[in-house]
Each structure stands twice: as C-alpha cells, then as structure tokens.
Amino acid sequence: MPDVWPEATQDALRAAAIRWLAVRTNDGLDALTSEEIAEFTFGGQGFRLMDPQRGIRKPRQFTAALSIRTTYRPAGADRPYDDDLGPDGLVRYKWRGGDPDHPENRALREAMLRRVPLIWFWGVGPALYKPVYPVYLIGEEVAQQQFVVATDGLQHLQATESPMEEVLRRYLRQETYRRLHQPVFRSMVMRAYESRCAVCQLRHSPLLDAAHIVEDRHERGIASVRNGLALCKIHHAAYDVGILGLTPELRVEVRADILGEVDGPLLEHGIKKLHGRPLMVVPRRRADRPDPELLQIHYERFRAS
Ligand SMILES: [Zn+2]
C-alpha cells in the first residue's frame, strides 16, 4: 500500500468502520470504552478510529479527517449543549487551536470539501464514548474558528449565517436532538444506572429507554443526566402517562384507580406491587442522581392526575 491510500480505499475504511460500530453498539444503543473502540481492524490490521490524545483523528494514510472527539463533561446544572449549538439549530465543532492551517484543521476542511462521512465520538463517561455516525461538515465559520456539523440526512444543506425560517430552524434543531443529543443523553443515563431499569432492575438494553423526568421542552427539562431515569419500556410509558409516579424521596407510587384494578400478572407484579417501594436502582455517583426539584415538578402533576 502507498503511504497515502487512494480515495476509494479511504472511503472503504470509513464505510467498514461505520458498519463495525453499528454492530458493536447494538445499532447505536450502547456506548463503547476506549479499549473496545481500539479493537477495530481493516484488512486484517488494527486501525485506530479515535485519537485518545487529540480531538481530531487524521490517519497518515488519509487526506481528510476520519473522526472527531468531544471530551466527557460531568453532569452539572448547566445545559450541556448550549455552547455547541448554532442559531440555525446545527452543532459546531471547534478548530484545533487558532491556526486555520494547522494540519488537523486542514484535514477537517478536506473532509468538508469532499463531504465524506465522519464519526463523532462523544465522551459520556471517563474513557467511555457514544459514537455518532455518520456526521458531515457542511460549512466553516472562520471568525468563530469552527465547522458546522450536520447529522445524517442533513448533509445536503448549505450552511448559512443568514437567519433561516423558523420552521426550518426548528426542524434542524429536532433532527440534531434526535440524532446527536438524545443518543448522548441515553448513554449517560445508561452509564449512571448501569443499564438497568430504575424501577424493576430489568437489564436488557433493547428494552430500556433513557426517560426524561420532566419532558425536554419543559423549561427545566434539561438534557442532563439529572433529568434522566433509565426505565424499561413498560415503566417508561407508565411514568409518562401518570400511572406511575416517583416522589422526590425516590419512592414509587401507583395511581389509586390502578391499585384497585384486577388484571393479569404484569399489572399485579410489574406495577401494583411496586407501590410504596423505593427506587431499585439509584446512580452510585451523587452528581448523577435525579434532581429533586425536577422530581417534584413531575410528582405534583402525577398527584393531580
Ligand atoms: Zn422496569
């Protein structure tokens, strides 16, 4: 193989990496450790997909960047994504340093000009990443020293700094949320709850959701792990429709009329018997635990229903 691979070979590796990540993450459900990400091979050889030291990975055999990385930020009270989101609803990725001609910035620019798919590794815990793929760079904002990132399906847009129609802006924000922020939120919540339903301890990732304590469009519904609960599909739905409530002291309550109902074993054991019990899974780290104020908001609504 020559030092710099032909574009077709570079593209084949990108495609192989994306297929491999889909398998290893259970089709995007699970996060991966740095060690797991290092297991990727291409043509029988190990090939690094992520640079653990730098944000931007440009393999020496490549002409354009292969992946970008965002460092894990522990949960705080602040909205974690605000600083990354542009006025158009698309996320931004900062240059490396302030030099536009830094080799890594040139590698990003090349990826933008060729519109090749990139992998975005989002830190969701120490040495734990949620890969988001494919993403595309669709513009560069030189004054802000950053690139405009589009998630899959939005790569044909033209980046623009002029104000967009509200409808389009809302659509872009929703798409970015669905393909980037929600998967990252899910990974942080699953890590905190060790991939178990907080109410019943069910442990099967495809049956688990990252639920919001209060919905995201609520003014306090921040996409932070403190507004999250890992819940199985049944308990998530029961929580959202007000069949099941959670006190700020993390005790489960079941709506009174449901307690009086007689039905099959799922209602009996899966719902009614939980009434009055403490939450079965609580994050080990205090900073990851549900925010009592958010619990209070939902609990008041549950009591009123
Ligand atoms: Zn459950």
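Glu194 counts as partly exposed, because its relative accessibility is 33%. The model that shows this residue is predicted. Glu194 has a partner: its side chain meets that of Arg196 in a salt bridge, at 3.4 Å from N to O. Arg196 has a relative accessible area of 17%, so Arg196 is buried. The cut-off behind that call is 20%: a residue under this value is buried, and one over 50% is exposed.

The protein chain is divided into domain 1, covering 7–189, and domain 2, covering 194–304. Their C-alpha centres lie 32 Å apart.

Now go to the zinc ion. Which protein atoms hold the zinc ion as donors? They are SG of Cys197, SG of Cys200, SG of Cys232 and ND1 of His235. These donors lie 2.1 to 2.4 Å from the ion. Along the chain they follow the spacing C-x2-C-x31-C-x2-H. What geometry do the four donor atoms make? The angles they subtend run from 93 to 120°, so the arrangement is tetrahedral. The test asks that all angles lie between 85 and 135 degrees. For reference, ideal angles at a metal are 109.5 degrees for four tetrahedral donors.

Is Cys197 buried or exposed? Cys197 counts as buried, because its relative accessibility is 0%. Cys200 has a relative accessible area of 28%, so Cys200 is partly exposed.

Next comes a loop. Val225 lies in the loop between β10 (208–212) and β11 (228–232). Its relative accessible area is 3%, so Val225 is buried. The C-alpha atom of Val225 is separated by 9.1 Å from that of Asp291. Along the chain, the two residues are 66 residues apart.

Another pair sits further along the sequence. The side chains of Arg285 and Asp288 meet in a salt bridge, 2.8 Å from N to O. Arg285 is partly exposed, because its relative accessible area is 33%. Asp288 counts as buried, because its relative accessibility is 5%.

Helix α1 covers residues 7–24 and has 18 residues. From its first C-alpha to its last, α1 reaches 26 Å, close to the 26 Å expected at 1.5 Å a residue. Which residues of α1 are buried? They are Thr9, Gln10, Leu13, Arg14, Ala16, Ala17, Ile18, Trp20, Leu21 and Ala22. An α-helix has 3.6 residues a turn, so residues three or four places apart point the same way. The buried residues of α1 pack against helices α2 (34–37) and α3 (103–114). They also pack against strands β1 (32–33), β2 (41–42), β7 (118–125) and β8 (128–141).

Asp11 of α1 reaches α3 by charge. Its side chain meets that of Arg114 in a salt bridge, 3.1 Å from N to O. Asp11 lies in helix α1 and Arg114 in helix α3, so the pair ties together parts that are 103 residues apart in sequence. Asp11 is partly exposed, because its relative accessible area is 32%.

How many salt bridges does the model hold? The count comes to 19. Some residues join in a network of such bridges: Asp51, Arg54, Arg96 and Glu104.

Last come the backbone exceptions. Most residues other than glycine have a negative phi, and most peptide bonds are trans. α1 is followed by Asn26, which has a positive phi near 60°. Asn26 is not a glycine. It sits in the loop between α1 and β1. Asn26 counts as partly exposed, because its relative accessibility is 39%.

Ala127 is another case: its phi is positive, about 55°, although Ala127 is not a glycine. Ala127 lies in the loop between β7 and β8. At 40% relative accessibility, Ala127 counts as partly exposed. Strand β8 holds a further exception. Pro134 lies in this strand. The peptide bond from Tyr133 to Pro134 is cis, with omega near -15°.

Definitions and conventions. Residues are numbered from 1 along each chain as its sequence is written. This is a predicted model: local features need pLDDT of at least 70, side-chain atom pairs count only at pLDDT 80 or more; totals for chains, interfaces and linings use all residues. Side-chain values use heavy atoms; hydrogens and water are left out. Domain bounds come from an automatic or database domain assignment. Helices (H or I, at least four residues) and strands (E, at least two) are DSSP runs, numbered from the N terminus. The expected span of a helix is 1.5 Å times one less than its number of residues. Buried means under 20% relative accessible area, exposed over 50%, partly exposed in between (1.4 Å probe, protein chains only). Contact means heavy atoms within 4.5 Å. Donors are N, O and S atoms within 2.8 Å of the metal (3.2 Å for Na, K and Ca); water is not among the atoms, so sites may look incomplete. Four donors count as tetrahedral if all angles lie between 85 and 135 degrees; four count as square planar and six as octahedral if opposite donors are over 155 degrees apart and all others between 65 and 115; anything else is irregular. A salt bridge is a side-chain nitrogen of Lys or Arg within 4 Å of a carboxyl oxygen of Asp or Glu.
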